[in-house]
Amino acid sequence: MKLYNYWRSSASWRVRIALAYKNVPYEYVSVNLGNNEHLGDAYAKVNMFHEAPTLVVDGVRIGQSLAIIEYLEERFPTPTLLPGSLLERARIRQVAEVVNSGIHPLQNMRVVKKLGAEYGADDAAQQRWRADFIARGFVGLETLLHETAKTHCVGEAFSVADCCLVPQVLNARRFGVDLAPYPTIRRLEEGLLAHPAIVKSHPERQPDTPAEARA
Ligand SMILES: N[C@@H](CCC(=O)N[C@@H](CS)C(=O)NCC(=O)O)C(=O)O
């Protein structure tokens with residue numbers, strides 16, 4: 001398996017967490033989003049949406065981090081990333097989608113670049129845009145997690161919800177979101193940052209992590 005990804009991409013990190021949790025070996029292929037490598041013709045042959053991550057298995061290119069994680073879950077069911085009862089699993093998927101479909105797209109690189117190129121938003125305005133949409137999402141997410149979380153996002157077992165939460169909190173920190181109003185999110189992040197799968201897959205420790213960003 002080859003994972004086309006980028007150290008700093010939060011959607012990539014979700015998949016790296018799942019691979020580490022399930023102890024699945026893979027080849028790390030770096031796609032430098034910082035240099036717009038994902039926008040070139042070569043990467044279009046890997047991912048026609050010009051997004052990271054992409055998992056390539058037997059020549060089949062799977063995009064969308066949650067689709068990749070579901071593939072991994074079905075192929076390597078143990079340890080599971082979808083634990084618990086039917087209703088708990090629905091909550092896990094809900095948290096994952098709040099991040100994947102609700103928060104992340106509005107703070108994504110292409111959106112913010114367009115604000116700069118076509119709507120006159122300078123760096124500070126772009127940062128405010130990102131921080132604002134992350135914070136709006138976190139207001140609801142904090143309430144949801146207050147209902148669902150114990151040691152993990154949903155109950156006491158590690159799940160795909162945790163794979164999605166931690167990278168989004170790192171983005172929040174990167175874009176200057178004040179995390180004080182979100183005690184449940186902060187508590188969960190603090191605990192999860194010590195998890196071996198998260199430590200191993202952390203952006204600070206990847207093959208393409210630049211020296212200045214290394215742990
Ligand atoms: N929902 C997609 C999002 C993929 C995505 O947009 N990834 C970002 C990096 S975190 C990206 O490639 N952005 C490139 C751009 O916006 O130009 C997934 O979960 O895989």
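A search through the whole structure turns up six salt bridges. Keep in mind that this is a predicted model, and the views below take you through parts of it.

**View 1. A salt bridge links R91 and E147.** Here the closest N and O atoms of the two residues sit 2.6 Å apart. R91 belongs to helix α4 (residues 86–103), while E147 belongs to helix α6 (residues 123–148), so this pair ties together parts that are 56 residues apart in sequence.

**View 2. The whole chain is built from nine helices and four strands.** Start at the N terminus and you can read off the elements as β-α-β-α-β-β-α-α-α-α-α-α-α. How compact is the protein for its 215 residues? Its radius of gyration is 17 Å, close to the 17 Å from the globule rule, so the protein is as compact as a globular protein of that length. Along the principal axes, the C-alpha trace spans about 45 × 45 × 30 Å.

**View 3. Domain 1 covers residues 2–79 and domain 2 covers residues 86–198.** These bounds come from the domain assignment of the protein. Where the domains meet, 17 residues of domain 1 are in contact with 20 residues of domain 2.

**View 4. Domain 1 and domain 2 bury about 1,600 Å² between them.** Why quote an area at all? The size of an interface is often given as the accessible area lost when the parts come together. In this interface, 64% of the buried area is on carbon and sulfur atoms.

**View 5. R110 and E51 meet through their side chains in a salt bridge.** The N to O distance is 2.9 Å. Between domain 1 and domain 2 the count is one salt bridge. There are also four residue pairs in polar contact between the two domains. Helix α1 gives the largest share, with seven residues. Sort the residues on this side of domain 1 by class and you get nine nonpolar, five polar and three charged.

**View 6. A cis peptide bond joins A52 and P53.** Omega for this bond is about 10°. You'll find P53 in the loop between α2 (41–44) and β3 (54–57).

**View 7. Another cis peptide bond runs from T78 to P79.** This time omega is near -5°. P79 is in the loop between α3 and α4.

**View 8. N36 has a positive phi.** The value is near 65°, and N36 is a residue other than glycine. As a rule, most residues other than glycine have a negative phi. To find N36, look in the loop between β2 (27–30) and α2.

Methods:
Residues numbered from 1 in each chain as written. Predicted model: local features only at pLDDT ≥ 70, side-chain atom pairs only at ≥ 80, totals over all residues. Heavy atoms only, no water. Domains from an automatic or database assignment. Contact = heavy atoms within 4.5 Å. Buried area = accessible area lost by both parts, 1.4 Å probe. Salt bridge = Lys/Arg side-chain N within 4 Å of Asp/Glu carboxyl O. Polar contact = N/O pair within 3.5 Å; in protein donor to acceptor, adjacent residues only side chain to side chain. Helix = DSSP H or I, 4+ residues; strand = E, 2+ residues; numbered from the N terminus. Nonpolar A, V, L, I, M, F, W, Y, C, P; charged D, E, K, R; others polar. Rg over C-alpha atoms; globule rule 2.2 N^0.38 Å.
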